[in-house]
Amino acid sequence: MTLTYLAALVLMAASLSILMACAWSVQQRTGNSGWVDTIWTFSLGLVGATGALWPIAGAPNARQWLVAALVVIWSLQLGIHIAIRTAGITDDPRYAAFAKEWGRNAPRRMFIFLQNQALGTIPLVFAIFVAARFPHHAPRPQDFLGVLILLVGIGGEALADAQLKTFRENPANKGRVCDVGLWRWSRHPNYFFEWFGWLAYPVIGLSLDDPLAYPWGLATLLAPIFMYWILVHVTGIPPLEEQMLRSRGERYRDYQLRTSRFFPLPPQA
């Protein structure tokens with residue numbers, strides 16, 4: 001079993017590396033780095049679903065199909081949203097800021113950056129793989145709880161994105177900071193719900209009665225841990241908030257003081 005898991009890990013890592021190299025090529029050809037996140041999302045969905053359906057003994061069982069369906073639904077919803085947004089811009093301001101900082105070394109640094117992103121994605125796809133291979137083939141009640149968690153994550157993220165879009169489309173809000181709806185409780189509610197959805201895989205992949213009954217299930221905890229790290233400390237909040245401070249200045253600083261950074265909390269007066 002260990003060899004099977006290691007072989008799957010190596011293949012998934014190689015696939016992610018190749019796919020993010022393709023993302024780099026698209027970014028270099030189009031000049032629009034927004035396509036990077038689009039390709040990353042679809043790549044994670046493709047590799048994750050393929051890993052979930054990796055044969056155990058014969059045809060994939062019900063749990064494998066369930067987990068594969070979850071990651072595909074997540075990937076399509078987020079990937080299409082990012083693709084539509086990217087088609088309407090000339091470049092993603094976060095990556096554009098990186099390119100400006102990197103100067104003449106931007107192409108090489110971007111390639112390295114995206115390979116590091118592929119490396120950071122390995123725990124996510126491995127968590128999907130492990131959750132799908134939980135020893136009991138028949139779905140359990142907690143598997144359906146995992147489905148509910150993912151759907152809440154997708155729904156919350158979609159609601160946050162819709163609220164932000166409506167706010168920006170109002171000409172009266174030009175230059176202002178969105179602080180309505182979910183954005184009143186968190187500066188990044190879309191990121192929070194994105195992270196929340198990844199809690200589904202530990203729920204599906206762990207045995208609540210005896211966590212050590214399926215030791216590999218502990219690896220599913222890597223998904224929410226790494227997603228939190230990526231969103232809060234790497235490619236999510238830090239570059240976005242830097243860009244917002246440049247474009248909104250004191251208005252955004254005031255927003256930072258009264259609004260939770262990530263987890264939804266009542267705003268401070």
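**Helix packing in the predicted model**

Let me begin with helix α7, residues 189–197, and helix α9, residues 222–234, whose axes come within 9 Å and cross at roughly 160°. Since an angle over 145 degrees counts as roughly antiparallel, α7 is therefore roughly antiparallel to α9. The crossing of these two helices, α7 and α9, is right-handed. On the α7 side, the contact is made by Tyr 191, Glu 194 and Trp 195; α9 contributes Pro 224, Met 227, Tyr 228 and Leu 231. Sorted by class, the contact of α7 with α9 has 6 nonpolar residues, 1 charged residue and no polar ones. Please bear in mind that this is a predicted model.

How do the axes of helix α1 and helix α2 cross? Helix α1 spans residues 2–30 and helix α2 residues 34–52; their axes come within 9 Å, at a crossing angle of roughly 160°. The two helices, α1 and α2, are therefore roughly antiparallel to each other, and their crossing is right-handed. Residues making the contact include Leu 16, Leu 19 and Ala 23 of α1, and Trp 35, Ile 39 and Trp 40 of α2. By class, the contact of α1 with α2 has 11 nonpolar and 5 polar residues, with no charged ones.

Finally, helix α3. This helix, residues 62–87, has 26 residues and reaches 37 Å from first C-alpha to last, close to the 38 Å expected at 1.5 Å a residue. At the start of α3, the backbone nitrogen of Arg 63 has a side-chain oxygen of Asn 61 within 3.0 Å.

Terms used. Residues are numbered from 1 along each chain as its sequence is written. This is a predicted model: local features need pLDDT of at least 70, side-chain atom pairs count only at pLDDT 80 or more; totals for chains, interfaces and linings use all residues. Side-chain values use heavy atoms; hydrogens and water are left out. Axes are lines fitted to C-alpha atoms, for helices over the stretch in contact, and angles run from 0 to 180 degrees between N-to-C directions. Helices (H or I, at least four residues) and strands (E, at least two) are DSSP runs, numbered from the N terminus. Angles under 35 degrees count as roughly parallel, over 145 as roughly antiparallel, 65 to 115 as roughly perpendicular and the rest as oblique. A crossing is left-handed if the near helix is turned anticlockwise from the far one by less than a right angle, and right-handed if clockwise. Contact means heavy atoms within 4.5 Å. Ala, Val, Leu, Ile, Met, Phe, Trp, Tyr, Cys and Pro count as nonpolar, Asp, Glu, Lys and Arg as charged, and the others, Gly among them, as polar. The expected span of a helix is 1.5 Å times one less than its number of residues. A polar contact is a pair of N or O atoms within 3.5 Å; within protein, one must be able to donate a hydrogen and the other to accept it, and residues adjacent in sequence count only if both atoms are side-chain atoms.
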